[in-house]
Amino acid sequence: MARVCPLCNGLQVAPKLCPRCGQEMEDKGALQEFIDPYSPYLSQELGENFAGTGDCVHLYCCPFCALDQRFSVPKQLI
Ligand SMILES: [Zn+2]
Ligand SMILES: [Zn+2]
């Protein structure tokens with residue numbers, strides 16, 4: 001058994017509507033993938049946030065108004 005993010009593993013899709021313009025936002029993937037490995041400050045900051053919840057944080061971007069938002073996705077046991 002492992003705890004995985006259902007979105008990262010293609011088990012589930014979670015459409016989000018843009019709070020500003022109401023259009024469907026695009027899942028840009030897990031925030032971890034955006035962490036620059038050569039930026040220890042950023043990695044540490046994000047690592048602390050992730051450590052508290054164990055959730056996978058996804059970045060969603062609205063293709064219409066360019067708003068981006070982060071959503072926590074609870075990991076599931078598979
Ligand atoms: Zn994920
Ligand atoms: Zn929008």
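The protein averages a pLDDT of 81, and 73% of the residues score at least 70. Here pLDDT is the predictor's confidence in each residue, from 0 to 100. This is a predicted model, in which local features need pLDDT of at least 70, side-chain atom pairs count only at pLDDT 80 or more, and totals for chains, interfaces and linings use all residues. Residues are numbered from 1 along each chain as its sequence is written, while chains are lettered from A and ligands numbered from 1 in the order in which they are written.

Start with the elements. The protein has one helix and six strands. Helices (H or I, at least four residues) and strands (E, at least two) are DSSP runs, numbered from the N terminus. Read from that end, the order is β-β-β-α-β-β-β. Strand 2 has the highest mean pLDDT, 96. Helix 1, residues 40-53, has the lowest, 51.

Four strands form an open sheet in the order 2-3-4-5, and the pairing is antiparallel. Its edges are strand 2 (16-17) and strand 5 (68-73), each of which pairs on one side only. Two strands pair if DSSP finds at least two bridges between them.

Walk across the sheet from strand 2. Strand 2 and strand 3 pair in the antiparallel sense over two bridges. In one of them, K16 has M25 of strand 3 as its bridge partner. The hairpin of these two strands has six residues between the strands. Within that hairpin, G22 takes a positive phi near 80°.

Strand 3 (residues 24-30) then meets strand 4 (residues 56-61). Three bridges link the two, again in the antiparallel sense. D27 has Y60 of strand 4 as its bridge partner. A30 is partnered with H58.

Strand 4 also pairs with strand 5. Six bridges join these two strands, which run antiparallel. C56 stands opposite V73 in strand 5.

Now look at the side chains of strand 4. They alternate along the strand. C56, H58 and Y60 point to one face and are buried. A residue is buried if 20 or more other C-beta atoms lie within 10 Å of its own, exposed if 12 or fewer, and partly exposed in between; C-beta atoms are placed from the backbone. Across the protein, buried residues make up 8% of the 78 residues.

The loop between strand 4 and strand 5 holds A66. The hairpin of these strands has six residues between them. A66 has a positive phi of about 65° although it is not a glycine. Is A66 buried or exposed? A66 counts as exposed because it has 9 C-beta neighbours inside 10 Å.

Finish on strand 5, at V73. V73 counts as partly exposed because it has 17 C-beta neighbours inside 10 Å. Which residues does V73 contact, leaving aside its neighbours within four places in sequence? They are C5, P6, L7, A14, D55, C56 and H58. Two residues are in contact if their C-beta atoms, placed from the backbone, lie within 7 Å. One of these partners is D55. The C-alpha atoms of V73 and D55 are separated by 5.4 Å, and the two residues are 18 residues apart along the chain.

Of the contacts in the protein with a separation of 6 or more, 62% come from residues 24 or more positions apart.
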